[in-house]
Amino acid sequence: MWWGYSPALDIQFEINKHETNYPSEYLEILIVGANDARHILKTLASSYLYNDRIVMYNVVESTLEQVARSILLLSTCLETNLGLQEATRYYLEIFGNTLIRPATAKYLIKSCNQLSNIPTNTIDCPWLSLEQFKHKDRDQLQAIFKFWAHATCDNVPIMEYWDQRVRKSLKTRYDYREGVFDWDYHMILKSRGISNLTLQEYRFWRNNGIAFTWLEGEPVRSNPTLLNNIIQYGPGFVHYTYLGDITNGPFFTWALQEKRDDNIYRATDIAEKEIMKHMYEIRTGESICQELIASHRDSSILNGTLVTETPNKEMEQESWEKEKNKYKWNDISWINVKNHKIIFHPITFLSTSKHKMAYIGRFDFIWIAHNMVKQIPNLVPLLKKKGIMLVELPKFLVDVRNENLENFVNELKSMMHHNGLHEINDINSNEHYIAGFSK
């Protein structure tokens with residue numbers, strides 16, 4: 001929950017790779033359970049490489065909190081008032097850290113106050129559509145954005161929530177947790193090709209939920225976008241504690257992109273490079289040069305491992321005063337991404353769409369998360385003839401052993417064959433993180 005477990009894909013590249021004579025004018029894409037907007041971001045960034053197409057991204061997430069987070073992350077990438085490095089680090093901290101820097105927290109408050117107007121159509125957001133949601137769901141989305149702004153000021157004790165989850169998970173092994181973290185890293189993750197994730201980064205994240213760190217600031221403010229079950233209650237809000245991932249980490253979406261060379265970079269450095277590259281391409285419509293990326297980064301720390309101590313608890317619990325009406329809704333502006341539209345659907349779409357003629361045979365491409373494979377029988381009727389369906393494999397999940405991976409792949413193949421789909425190429429559970437099928 002909150003992030004995916006496979007690298008971001010350029011969807012147009014995946015389509016062209018498997019179908020060379022594909023129509024170029026219009027693409028309908030369905031993304032189910034990605035947990036973040038990584039595929040949309042990468043496809044947007046790479047769109048300058050292809051002929052102009054109208055691309056419609058239809059997205060289904062299991063909770064409204066995940067929908068709101070995707071909107072926030074996309075807005076951060078597309079906002080015109082942010083510098084390249086500034087936007088990159090805001091993105092990564094909000095995406096994967098329980099604690100964020102004060103500057104990021106101020107940006108989060110500002111953005112949430114502005115984005116809370118989108119569900120009620122006070123703001124015209126040209127790249128986004130929430131029309132498929134009922135009014136009560138849109139009201140709930142607005143409440144989530146408002147809660148995030150309030151909770152960032154109040155600095156909810158997310159570190160306590162995190163520690164409670166770790167204690168509950170490890171039980172009697174809690175006092176020996178460093179050894180547990182080391183075992184999971186060396187015996188599982190390293191054997192599956194995680195070359196850029198360092199032991200120090202992984203162990204630090206397992207202890208406190210902080211994945212991405214830099215020398216230029218200490219993360220001391222809580223990141224409420226990682227909290228669950230947010231409900232407006234009278235003038236205030238009720239929320240549950242942290243229920244997300246505490247064993248795998250947010251490293252696999254962006255930190256696996258780098259090709260191996262003589263340099264050993266942290267996962268943070270690789271993720272920062274990838275996000276910065278994609279934001280630059282969205283803004284300029286051209287490839288970024290390595291010198292420009294290097295100018296934003298301190299080369300003295302790239303080949304080492306930066307480890308920070310857990311931030312001071314008193315700093316984390318300091319409350320900020322709430323300022324009403326400080327941020328105007330019309331202060332926000334986005335890059336014009338012509339021909340691309342993101343449409344969010346409620347979770348009920350998965351069970352109802354196959355009964356609606358408008359969706360039968362509609363989608364050129366469907367991407368499905370590993371924990372959504374039970375929905376495949378509902379989704380196959382939505383795929384066009386010769387359309388492509390990619391399924392995420394749980395290769396990078398610490399709790400999944402090699403024999404479980406093989407069983408997952410075998411059961412997936414059987415399900416696909418039963419529903420009239422065939423493999424695009426051979427699937428190796430030890431090497432691949434995506435399984436491809438065609439109708």
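View 1. Helices here are DSSP runs of H or I with at least four residues, strands are runs of E with at least two, and both are numbered from the N terminus. This is a predicted model, in which local features need pLDDT of at least 70 and side-chain atom pairs count only at pLDDT 80 or more, while totals for chains, interfaces and linings use all residues. Residues are numbered from 1 along each chain as its sequence is written, and side-chain values use heavy atoms, with hydrogens and water left out. Helix α7 (residues 158-170) has 13 residues and spans 18 Å from its first C-alpha to its last, close to the 18 Å expected at 1.5 Å a residue; the expected span is 1.5 Å times one less than the number of residues. Which residues of α7 are buried? They are I158, M159, Y161, W162, V166 and L170. These residues cover an arc of only 160° around the axis, so they sit on the same side of α7. The arc is taken from the directions between the helix axis and the C-beta atoms. Buried means under 20% relative accessible area, exposed means over 50%, and partly exposed lies in between (1.4 Å probe, protein chains only).

**View 2. Strand β8 and its partners.** Five of the six residues of strand β8 (residues 340-345) are buried, so the strand is largely enclosed by the rest of the structure. Strand β2 (residues 54-60) pairs with β8 in the parallel sense over six bridges, and V55 stands opposite H340 of β8. Strand β4 (residues 128-129) also pairs with β8 in the parallel sense, over two bridges; here look for L128 opposite I342. Two strands count as paired if DSSP finds at least two bridges between them.

**View 3. Salt bridges.** A search of the whole structure finds 15 salt bridges, each a side-chain nitrogen of Lys or Arg within 4 Å of a carboxyl oxygen of Asp or Glu. In one of them, K17 meets E14, with the closest N and O atoms 3.3 Å apart. Both belong to helix α1 (residues 11-18), where being three residues apart separates them by about one helical turn. K17 is partly exposed at 45% relative accessibility, whereas E14 is buried at 10%. Another salt bridge joins E272 and R89, whose closest N and O atoms are 3.1 Å apart. This pair links distant parts of the chain, from helix α10 (residues 267-284) to helix α4 (residues 84-96), 183 residues apart. Both E272 and R89 are buried.

**View 4. Aromatic pairs.** The whole structure holds 16 aromatic pairs. Rings of Phe, Tyr and Trp (its six-membered ring) pair if their centres lie within 6.5 Å; planes under 30 degrees apart count as stacked, over 60 as edge-to-face and the rest as tilted. W127 and W334 form an edge-to-face pair, 5.7 Å centre to centre with 90° between the planes. W127 lies in the loop between α5 (102-115) and β4, and W334 in the loop between α12 (313-316) and β8, so the pair ties together parts that are 207 residues apart in sequence. W127 is buried at 1% relative accessible area, and W334 is buried at 14%.
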